[in-house]
Amino acid sequence: MNMKDLTKYQGIIPAFYACYNDDGSISPERTRALTQLMIDKGVKGLYVCGSSGECIYQGKEERKITLENVMAVAKGKLTIIAHVACNNTADSMELAAHAESLGVDAIAAIPPIYFKLPDHAIAQYWNDISSAAPNTDFVIYNIPQLAGVSLSVPLYKKMMENKNVIGVKNSSMPIQDIQMFKAAGGADHVVFNGPDEQLIGGLTIGADGGIGGTYGVMPELYLTIEKLVKAGRIGEAREVQYKADEIIYTMCSCHGNLYAVQKKIIAMRDGVECGGVRKPLANLIPEDMAIVEKCRALIDEAVAFCSKISC
């Protein structure tokens, strides 16, 4: 039985955006500024160096710099989950050991991608990573639409033999996957809702919290959804979810990548510069700015709407 205090994983946890200097290098200063902004916004924690952190296009030393600077600001103030997976075991273990040395709350990992591996090989990969951070919680990152591998319940149960495994970041689209993982893990494990567009559904079916790639640009909306669901006010929560979804769809209509759009909006709304995105992700073009301005206005309106809701 897992006797750990898992309450620190219950809540709204934005997936942290990569922060670059104007020359495209990792910016320690901007990373610290964005971390402080998230603290000020009142979120529960941060998921660092995951998909939203553009980890797949970064070297391991760059990912270390990001995590070091997040921890310099957030340690003790936020729950920090560091995604450490690389597409080879040795680099993943190095990042896991580094994350533990910094005192993160948990590490996380997607399955190895490209080659289709059997479950026993995937389990070995995750267990090897976990062994490099033996005193740190481990979260399985299930994102089959990008990784090409789906976490099955039998594989999850096999991984639960590892005492460090405390849950799943579930980014698969079927909401019932959350139900299946909750049933398998019980009260001793946590499941995070991944798809931002269905946070209300994920929380309603039993997710302990959410980790999302658009939480950072409009955390107020997701914090409000969480509070309303907890209060049983599903109709109001649905109204806020619809507003968030409209913003997501509009941001995704730009030529530039979604993360480029969000970083620009954060600069405009909160005065925190995060730079662009790492190639081959597409940066913004001038024609995107009208859509970016529209998204900024939609977020401002939605935040104002949320501020009038008494939770």
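**Salt bridges and pockets in a predicted model**

Modeller: In this predicted model, a salt bridge joins the side chains of Lys41 and Glu220, at 2.8 Å from N to O.

Colleague: How many residues apart in sequence are the parts that Lys41 and Glu220 tie together?

Modeller: Lys41 belongs to helix α1 (residues 28–41). Glu220 belongs to helix α9 (residues 219–230), so the parts tied together are apart in sequence by 179 residues.

Colleague: Is Glu220 buried or exposed?

Modeller: The relative accessible area of Glu220 is 18%. Buried means under 20%, so Glu220 counts as buried.

Colleague: Which helix holds Asp91, the partner of Lys60?

Modeller: The side chains of Lys60 and Asp91 form a salt bridge at 3.1 Å, N to O. The pair links distant parts of the chain, 31 residues apart. Lys60 is in helix α2 (residues 60–74), and Asp91 is in helix α3 (residues 89–102).

Colleague: What is the volume of the second largest pocket, and which classes make up its lining?

Modeller: Residues lining the second largest pocket include Lys263, Lys264 and Glu273. By class, the lining has four nonpolar, three polar and three charged residues. The volume of this pocket is about 150 Å³.

Colleague: Which element gives the largest share of the lining of the largest pocket?

Modeller: The largest pocket has a volume of about 790 Å³. Among the 34 residues that line it, Ser51, Tyr141, Ile143, Leu146 and Tyr259 are the closest to its centre. Elements giving two or more residues to this lining are β8 (209–212), α11 (258–270) and α5 (144–147). The largest share, three residues, comes from α5.

Notes
Residues are numbered from 1 along each chain as its sequence is written. This is a predicted model: local features need pLDDT of at least 70, side-chain atom pairs count only at pLDDT 80 or more; totals for chains, interfaces and linings use all residues. Side-chain values use heavy atoms; hydrogens and water are left out. On a 1 Å grid over the protein atoms alone, a cavity is a set of points where a 1.4 Å probe fits but cannot get out, and a pocket is an open set with protein on both sides within 12 Å along at least five of seven lines; lining residues have an atom within 4 Å of a point. Grid points are joined across faces, edges and corners, and a volume is the space filled by probe spheres set on the points. Helices (H or I, at least four residues) and strands (E, at least two) are DSSP runs, numbered from the N terminus. Ala, Val, Leu, Ile, Met, Phe, Trp, Tyr, Cys and Pro count as nonpolar, Asp, Glu, Lys and Arg as charged, and the others, Gly among them, as polar. A salt bridge is a side-chain nitrogen of Lys or Arg within 4 Å of a carboxyl oxygen of Asp or Glu. Buried means under 20% relative accessible area, exposed over 50%, partly exposed in between (1.4 Å probe, protein chains only).
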